[in-house]
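Please keep the sequence and the structure in view while reading.

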Amino acid sequence: DAPVVNEMPKWLEIKPEDDEKTKARKKKLIKSYKSKMRFQTMDMKTKEKADNWQNFMSGKGAKKKKGFFTGTKKESIFKVPDGVGGKVGVIGSGRGLTNYQKQGKHQFTGTEE
């Protein structure tokens, strides 16, 4: 995945003894060469970004949240729970109250200093 074209070849350097036709041809080749190098670096950056995104999505970004756009459906707020105590539009109705333990008073022992 390293760039195929790293640096300009020596034969493309414009020398003072070159005639005008050769200079023009070398300038064209240099321009195309630089363009290829630029596009290769752009492709490598794009591929790196795509790889980073795919790594993210395969890890912690892959967890789906419930909602409208994710495809996993939330329960309807108009769904009526089974049982007598269920109400329409009240989330968590029919479940009953949370049972807590009765808190007692702490009993200290007399062995503390």
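Buried means under 20% relative accessible area, exposed means over 50%, and partly exposed is in between (1.4 Å probe, protein chains only). At 41% relative accessibility, lysine 47 therefore counts as partly exposed. The model is predicted, so local features need pLDDT of at least 70 and side-chain atom pairs count only at pLDDT 80 or more, while totals for chains, interfaces and linings use all residues. Residues are numbered from 1 along each chain as its sequence is written, and side-chain values use heavy atoms, with hydrogens and water left out.

**Salt bridges**

- A salt bridge is a side-chain nitrogen of Lys or Arg within 4 Å of a carboxyl oxygen of Asp or Glu. The count by this rule is two salt bridges.
- Side chains of opposite charge can pair when their charged atoms come close.
- One of the bridges joins lysine 47 and aspartate 51, with the closest N and O atoms 3.4 Å apart.
- Both lysine 47 and aspartate 51 lie in helix α1, four residues apart, which is about one turn of the helix. Helices (H or I, at least four residues) and strands (E, at least two) are DSSP runs, numbered from the N terminus.
- Aspartate 51 has 33% relative accessibility, so this residue counts as partly exposed.
- The other bridge joins lysine 26 and aspartate 18, where the closest N and O atoms are 3.0 Å apart.

- Lysine 26 belongs to helix α1, whereas aspartate 18 lies in the segment before α1.
- Are lysine 26 and aspartate 18 buried or exposed? Both are buried: lysine 26 counts as such because its relative accessibility is 7%, and aspartate 18 because its relative accessible area is 16%.
- A polar contact is a pair of N or O atoms within 3.5 Å; within protein, one must be able to donate a hydrogen and the other to accept it, and residues adjacent in sequence count only if both atoms are side-chain atoms.
- The side chain of lysine 26 also reaches the backbone oxygen of glutamate 13, at 3.1 Å.
- On the aspartate 18 side, a polar atom of the side chain lies 3.1 Å from the backbone nitrogen of lysine 15.

**Aromatic rings**

- Rings of Phe, Tyr and Trp (its six-membered ring) pair if their centres lie within 6.5 Å; planes under 30 degrees apart count as stacked, over 60 as edge-to-face and the rest as tilted.
- The structure holds one aromatic pair. The ring centres of tryptophan 53 and phenylalanine 56 are 5.5 Å apart and the planes are at 35 degrees, so the pair is tilted.
- Tryptophan 53 and phenylalanine 56 both sit in helix α1 (residues 20-58), three residues apart, or about one turn of the helix.
- A charge sits over a ring if NZ of Lys or CZ of Arg is within 6 Å of the ring centre and within 35 degrees of the ring normal. The charged end of arginine 38 is placed over the ring of phenylalanine 39 in this way, 5.1 Å from the ring centre.

**Nonpolar surface patch**

- Patches are made of residues with over 30% relative accessible area and no salt bridge; like charges are joined within 9 Å, and nonpolar side chains (Val, Leu, Ile, Met, Phe, Trp, Tyr) within 5 Å.
- Trp53, Phe56 and Met57 make up a nonpolar patch on the surface, with about 310 Å² of accessible area together. Accessible areas come from the Shrake-Rupley method with a 1.4 Å probe; for residues, only the protein chains shown count as cover.
- Tryptophan 53 is exposed because its relative accessible area is 53%, and phenylalanine 56 is partly exposed because its value is 37%.
- Methionine 57 is also placed in helix α1, and its 33% relative accessibility makes this residue partly exposed.

**C-alpha distances**

- Leucine 12 is in the segment before α1 and counts as buried, at 2% relative accessibility.
- Leucine 12 and leucine 29 are 17 residues apart in sequence, and 7.5 Å apart in space, C-alpha to C-alpha.
- Between leucine 12 and lysine 23 the C-alpha distance is 9.3 Å, with the two residues eleven apart in sequence. Lysine 23 is in helix α1 and is partly exposed, at 23% relative accessibility.
- Phenylalanine 78 lies in the segment after α1 and counts as exposed at 60% relative accessibility. Its C-alpha atom is separated by 8.0 Å from that of valine 90, twelve residues away along the chain.
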